[in-house]
Amino acid sequence: MLFTRITRLALNTRSTRQLSSRASTVLSALDIPTTPTELPGVYDGQWKGSGDVLESICPTTGEVLARVKSASPEELSVALEKAREAYKEFRLIPAPRRGELVRQLREALAAKRDELGALVSLEMGKIKTEGVGEVQEFVDICDYAVGLSRMMNGRVVSSERPGHTILEVPNPLGIVAVLSAFNFPVAVYGWNLSISMAAGNATIWKPSPSTPLCSIAVTKIVASVLEKNGLPGAIAGLVTGGKDIGEALVEDRDVEMVSFTGSEAVGRKVGKVVQSRFGKTLLELGGNNASIIMPDADLSLAVPAVFFGSVGTAGQRCTSTRRLYLHRSIAPEFLSRLQGLYGTIRAGDPLATDTLLGPLHTRGALGIYSSAIDQLKAADAEILTGGSRYDEAPLDQGNFVRPTIAIPKTLDPTHEMWATERFAPVLYAAEFDELEQAIEWNNAVPQGLSSSLWTRDLRNVGKWIGPAGSDAGIVNVNVGTSGAEIGAAFGGNKSTGWGRESGGDAWKQYVRWSACTLNFSDEAPLAQGVSFDA
Ligand code: NAD
């Protein structure tokens, strides 16, 4: 009922540009103006924006939440110049003091965690608990980066020459550009910013053009911390924009590292451009993740995990479960229990606490879903559940689709149906007889992000995590494909881009490394005993 009222409000107000109370409550809590004025979408120490206007559209109701003035090419150049100046100042601040800034950022974010989480739900469309969880991830990685700021250590290496020693020294890198995808409009930037900041870089963010409000709200919080400490805002700049601004940023020789999160298609282009100018890249691209269920799996754990993996975030996580390989002996029972859970899906306003399924993020994503369904039908696949949009009111106002389970006829893992990431809640299932066969299927696709095996047998675990096991960056056992913690480095292999960010050793990419040989002796011998006497 509430949702119906909200939708009508949204539709009635679209022409007059007055926001629904649902939207204005969320925006006001983060000091985002709710008046019809266009918002500045560039921050380089000052807020500005004179480029193309981006529209933030609520995927639940179709309401235009705001119009944002993106960066012009000139504003991007100025933002990069200011980032360079900011870097020169920031790199001289000792790392533990940079960590203190990150700690203050952590506090500021935690204070607005629920409000930011609600904005993620409003603008991106994921349900509230996931929106808040995404902000929590930013908070968590800040904690990690604070500790790291006292541990970004180099090494002392033994020299073969008497009276010499060698140091491996990390120093700040320069400017790190973060280009991010729509589906994690807060956390991906958080993973990068917190580590990049502790490492002493200036960071410049180009978010997805369809989630500008999340980036503005986060940047306001970061800016307030920098300004309170008398530091240049360009340490954490923002340039909203579309493909053109993304391309200009990626091509710019003044950007030492490009951390790109997005599709394989765009990542391929970005990788080539940055490589051609010998910049550094960190690529976090598409996933096509499989869960394998063995006969001895605990189905009371495995079925809900696959349900969350395939339906959570409406199938729009890079780690969403897209392929399901079931041992023949448990396949009928597994599918019947999974279908039972699909039958309980509550679609609706992602801001409402009892909603399990929000909308797809854009109208364009509806096309991705429909073409996947059309392809399945054309190939005579068995569609167990789903396969259509929600076209009854009020869901018809948003981009709502029914999560789908399908059994394709073909088992060829290199067939387009199995080998392509569809960024929608469509789960492809098949039966296998031997674990080796399932592992081969798991590895046969171009992507290599996340994978999950369900078993109680230690011998299976050994195979799965060993040299002939899963070739993905995330190899789980009795844990679904979706939902990683910040402590381990996150990322995937093969066409997922080989990037690693967040925890583990990921920080080592955000610094420049130098080997420094120091001579404390009165001789100057050459290495390897080479003599070069004049
Ligand atoms: P996308 O590739 O369309 O866009 C990503 C970013 O690239 C956006 O900011 C976009 O404006 C920018 N961009 C577009 N064209 C560009 C160009 N030519 N040069 C430079 N930048 C350009 O991706 P999306 O639809 O926003 O996000 C969904 C994709 O992201 C999925 O494939 C998903 O798997 C992937 N993803 C991966 C991870 C991961 O960690 N591996 C995390 C989240 C999302």
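Reply: A polar contact is a pair of N or O atoms within 3.5 Å, where one must be able to donate a hydrogen and the other to accept it. The model to which this is applied is predicted.

Me: What makes the pairing of the side chains of T481 and T321 a polar contact?

Reply: The side chains of T481 and T321 are joined at 2.7 Å, and the limit for such a pair is 3.5 Å. The pair therefore counts as a polar contact. The side chain of T481 also has a polar atom 2.7 Å from the backbone oxygen of T319.

Me: Why is T481 called buried?

Reply: The relative accessible area of T481 is 2%, and buried means under 20%; T481 is therefore buried. This residue is found in the loop between strand 20 (474-477) and strand 21 (489-490). Leaving out residues up to four places away in sequence, T481 touches N289, A290, S291, T319, S320, T321, S450, S451, S452 and N476.

Me: What makes helix 2 oblique to helix 5?

Reply: The axes of helix 2 (residues 21-28) and helix 5 (residues 113-123) cross at roughly 140° and come within 9 Å. Roughly antiparallel would require an angle over 145 degrees, so helix 2 is oblique to helix 5. Helix 2 passes helix 5 in a left-handed crossing. Here R22, A23, V26 and L27 in helix 2 meet E115, A118, L119 and L122 in helix 5.

Me: Which residues have the most contacts inside the largest nonpolar core?

Reply: They are L119, L122, F138 and L213, in a core of 76 residues. Helix 8 (residues 212-228) supplies the largest share of this core, ten residues. Apart from this core lies another of 54 residues, among them I293, L326, A372 and I439.

Me: Which residues does L122 contact, leaving aside its neighbours within four places in sequence?

Reply: L122 is in contact with R22, A23, V26, L27, C58, P59, L65 and L351.

Methods
Residues numbered from 1 in each chain as written. Predicted model: local features only at pLDDT ≥ 70, side-chain atom pairs only at ≥ 80, totals over all residues. Heavy atoms only, no water. Core = buried A, V, L, I, M, F, W, Y, C linked by side-chain atoms within 4.5 Å. Buried < 20%, exposed > 50% of the residue type's maximum accessible area, 1.4 Å probe, protein only. Helix = DSSP H or I, 4+ residues; strand = E, 2+ residues; numbered from the N terminus. Contact = heavy atoms within 4.5 Å. Axes fitted to C-alpha atoms, helices over the stretch in contact; angles between N-to-C directions. Parallel < 35°, antiparallel > 145°, perpendicular 65-115°, else oblique. Left-handed = near helix turned anticlockwise from the far one by under 90°.
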